[in-house]
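Please open the structure in your viewer and keep the selection tool at hand. The stops below say what to select next and what is there.

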Amino acid sequence: FSSFKDVVHVMPCQNLESNTLFNMIKRVVLGLEEIGFKVIGAVTDNNSINRKAMSYFANPPVVSPEYIHPSDPSRSLFFVFDAVHIFKCIRNNWLNLKNADRAMVYPSFAFDDIVSQHVADSQVRVAPFSSLLKLHDIECQKVVKFSYTLTMKALNPSRLDRQKVSLVAKIFNPYVSQALLSLGPIHKIPFFHDCSIFIQIITR
């Protein structure tokens, strides 16, 4: 919760086993606590080794959002999946799709305030990335835009730019979602409604 950041340990991860990672995490947590820091949690991506390593904080091992703190049984050690990493992964997987129009297929969730009645019975939805490209083409020369956050850099990021969460947020936001609903029927953007719902779900 401060601007202070520091590297406390670096280790090679090729062929890393979960029990080795667990022992290292525990040593780091205990070491930081000994010198006065209060460790409240660990944040990782959803890699299976990370999950398994954290599961060893319970006996028997189990993946949980909360564990007994190794330095103080009266406190909790929280385990959090990196939401920003997941956010970028969703966009990257969408970009990497090889099917026609890079269409993301997702299940129909029952959000009454999002899903209109005429599409509520559908089992699956289709969100083509090409719909965002068409939306950008429609608005790119206009001074006033619905989807003013949508840029070519956000839609076609370089390998380095794929690490920037700010570019992901230019796609997943209420302005793009509303732009699809407003301009989709007028300009016949394919699957504009499903694409808008997908963006709303991820934004939430």
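Begin by selecting Pro 61, which sits in the loop between α2 (48-55) and β2 (66-68), where helices (H or I, at least four residues) and strands (E, at least two) are DSSP runs numbered from the N terminus. This is a predicted model, in which local features need pLDDT of at least 70 and side-chain atom pairs count only at pLDDT 80 or more, while totals for chains, interfaces and linings use all residues. Residues are numbered from 1 along each chain as its sequence is written, and side-chain values use heavy atoms, with hydrogens and water left out.

Pro 61 is partly exposed, because its relative accessible area is 48%; buried means under 20%, exposed over 50%, and partly exposed in between (1.4 Å probe, protein chains only). Leaving aside residues up to four places away in sequence, Pro 61 touches Ser 55 and Tyr 56, a contact being heavy atoms within 4.5 Å.

Next, select Ile 40, Val 43, Phe 78 and Val 80, a nonpolar surface patch with about 360 Å² of accessible area together. Areas come from the Shrake-Rupley method with a 1.4 Å probe, and for residues only the protein chains shown count as cover. Patch members have over 30% relative accessible area and no salt bridge, and nonpolar side chains (Val, Leu, Ile, Met, Phe, Trp, Tyr) are joined within 5 Å, like charges within 9 Å; a salt bridge is a side-chain nitrogen of Lys or Arg within 4 Å of a carboxyl oxygen of Asp or Glu. Val 80 belongs to strand β3 (residues 76-81) and counts as partly exposed because its relative accessibility is 42%.

Now turn to the largest nonpolar core, which has 27 residues, with Trp 94, Leu 132, Leu 135, Ile 171, Phe 172 and Leu 180 making the most contacts inside it. Such a core is a set of buried Ala, Val, Leu, Ile, Met, Phe, Trp, Tyr and Cys residues joined through side-chain atoms within 4.5 Å. Among the elements giving two or more residues to this core are α3 (83-96), β4 (103-107) and α8 (192-203), and α8 gives the most, with five residues.

Finally, select Asn 173 in the loop between α6 and α7, which counts as buried because its relative accessibility is 7%. Beyond four places in sequence, Asn 173 touches Thr 149, Ile 199 and Thr 203.
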